Amino acid sequence: MRKAVPSVITKIKARQILDSRGIPTVEVDLFTHKGMFRASVPSGDPSGMYEALELRDGDKGTYLGNSVNRAVKNINERISEALVGMDPILQSQIDQAMIDLDKTEKKGELGANAILAVSIAACKAGAAEKEVPLYKHIADLAGKTNLTLPVPAFTVISGGKHAGNNLAIQDIMILPIGASSFGEALQMGSETYHHLKAVIAEKYGAHGCNVGEDGVTFGSIREGLDLVKEAINRTGYNEKIKIAIDVAATDFCKGEEFLPPNSQYPIVSIEDPFDKEDWEHTKSTARVTLQVVGDDLLMSNPKRIERAILDSTCNALLLKVSV
């Protein structure tokens with residue numbers, strides 16, 4: 001019998017594509033003896049000052065300066081040369097090899113978008129080599145044996161500086177915590193979303209029924225929460241769906257405390273209730289029963305995450321697999 005030969009990375013090829021917002025991003029095809037594994041890079045809007053840096057070309061005459069040809073070139077030349085021949089199962093070694101190529105703290109030389117795209121593609125290749133689902137491979141890498149299916153969060157009303165309304169906070173979300181499966185959670189979220197559209201249309205007219213990033217024209221968080229609460233009531237899932245809010249306090253209430261009206265609403269999670277540099281006040285939230293999520297506070301920055309753990313600041317983090 002022929003002895004199975006372990007698969008290695010044989011080729012890496014990158015290109016520029018457009019993301020869902022029409023902005024250039026990086027896509028990678030990574031080849032092993034098992035096949036081809038593709039990954040593209042999501043991109044936050046906007047990236048925080050402590051987050052790793054996307055590498056963009058900066059030529060305002062092409063895609064308004066957002067092209068990623070430099071990042072693509074770095075993958076096709078420098079990163080490819082370093083990784084070809086490596087075992088795709090060894091994710092930490094692959095990631096470390098790319099980190100070592102870029103000595104800058106925020107990975108602005110190669111581009112975090114270049115590094116991330118290759119890392120995701122390699123992770124898919126590693127799962128295929130082990131012949132396990134991707135989530136199982138990631139759990140193995142993290143040393144986790146007891147797996148828990150995450151609860152999806154559905155953004156149903158957006159506000160803040162990126163939305164066309166007067167709502168100060170950034171997002172109101174729903175969490176189907178009572179679902180027995182991911183499929184049921186998806187159904188519950190979808191049904192609530194469409195009920196919300198009907199609730200908004202009834203109150204503001206058909207022209208005001210935009211949900212998601214466009215939002216509706218109102219300025220009170222209570223008004224937004226009332227709309228979501230009514231939509232949940234109409235689904236009949238009352239006790240199975242809870243509410244989460246992303247305050248993004250840095251954008252509107254620096255130095256001030258945001259207190260959610262949680263006595264009247266089923267709020268179980270609150271994100272960034274204080275300014276991103278207000279460590280002292282955020283520390284006090286670690287003792288509350290709500291899930292208090294650090295996003296702008298932490299920015300997926302290892303040093304800031306370590307500080308939050310040591311100081312017991314907030315009690316959850318938003319880990320962005322993006323740049």
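In which helix is the place of L225?

Modeller: L225 lies in helix α6, residues 221-235, where helices (H or I, at least four residues) and strands (E, at least two) are DSSP runs, numbered from the N terminus. This is a predicted model, in which local features need pLDDT of at least 70 and side-chain atom pairs count only at pLDDT 80 or more, while totals for chains, interfaces and linings use all residues. Residues are numbered from 1 along each chain as its sequence is written, and side-chain values use heavy atoms, with hydrogens and water left out.

L225 has a relative accessibility of 0% and therefore counts as buried; buried means under 20% relative accessible area, exposed over 50%, and partly exposed in between (1.4 Å probe, protein chains only). Although L225 and P266 are separated by 41 residues in sequence, their C-alpha atoms are 9.6 Å apart in space.

Another leucine, L186, belongs to helix α5 (residues 182-204) and is partly exposed, at 46% relative accessible area. Together with L149 and F182, L186 makes a nonpolar surface patch of about 300 Å². Patches are made of residues with over 30% relative accessible area and no salt bridge, like charges being joined within 9 Å and nonpolar side chains (Val, Leu, Ile, Met, Phe, Trp, Tyr) within 5 Å; the areas come from the Shrake-Rupley method with a 1.4 Å probe, and for residues only the protein chains shown count as cover.

A salt bridge is a side-chain nitrogen of Lys or Arg within 4 Å of a carboxyl oxygen of Asp or Glu, and by this rule there are 16 of them. One of these pairs K130 with D140, with the closest N and O atoms 3.0 Å apart. Because K130 lies in helix α3 (residues 112-130) and D140 in helix α4 (residues 134-142), the pair ties together parts that are 10 residues apart in sequence. D140 also forms a salt bridge with K136, again with a closest N to O distance of 3.0 Å, and here both residues sit in helix α4, 4 residues apart, or about one turn of the helix. K130 is partly exposed at 29%, as is D140 at 33%, and K136 likewise counts as partly exposed at 33% relative accessibility. Elsewhere, salt bridges that share partners join R15, E27, D29 and R38 into one network.

On a 1 Å grid over the protein atoms alone, a cavity is a set of points where a 1.4 Å probe fits but cannot get out, and lining residues have an atom within 4 Å of a point; points are joined across faces, edges and corners, and a volume is the space filled by probe spheres set on them. The lining includes D272, F274, L297 and C314, and by class it has 5 nonpolar, 2 polar and 2 charged residues, with Ala, Val, Leu, Ile, Met, Phe, Trp, Tyr, Cys and Pro counted as nonpolar, Asp, Glu, Lys and Arg as charged, and the others, Gly among them, as polar.

C314 sits in the loop between α8 (302-310) and β9 (316-317), is buried at 9% relative accessibility, and has a positive phi near 55 degrees in a residue other than glycine.

Note on methods: On a 1 Å grid over the protein atoms alone, a cavity is a set of points where a 1.4 Å probe fits but cannot get out, and a pocket is an open set with protein on both sides within 12 Å along at least five of seven lines; lining residues have an atom within 4 Å of a point.
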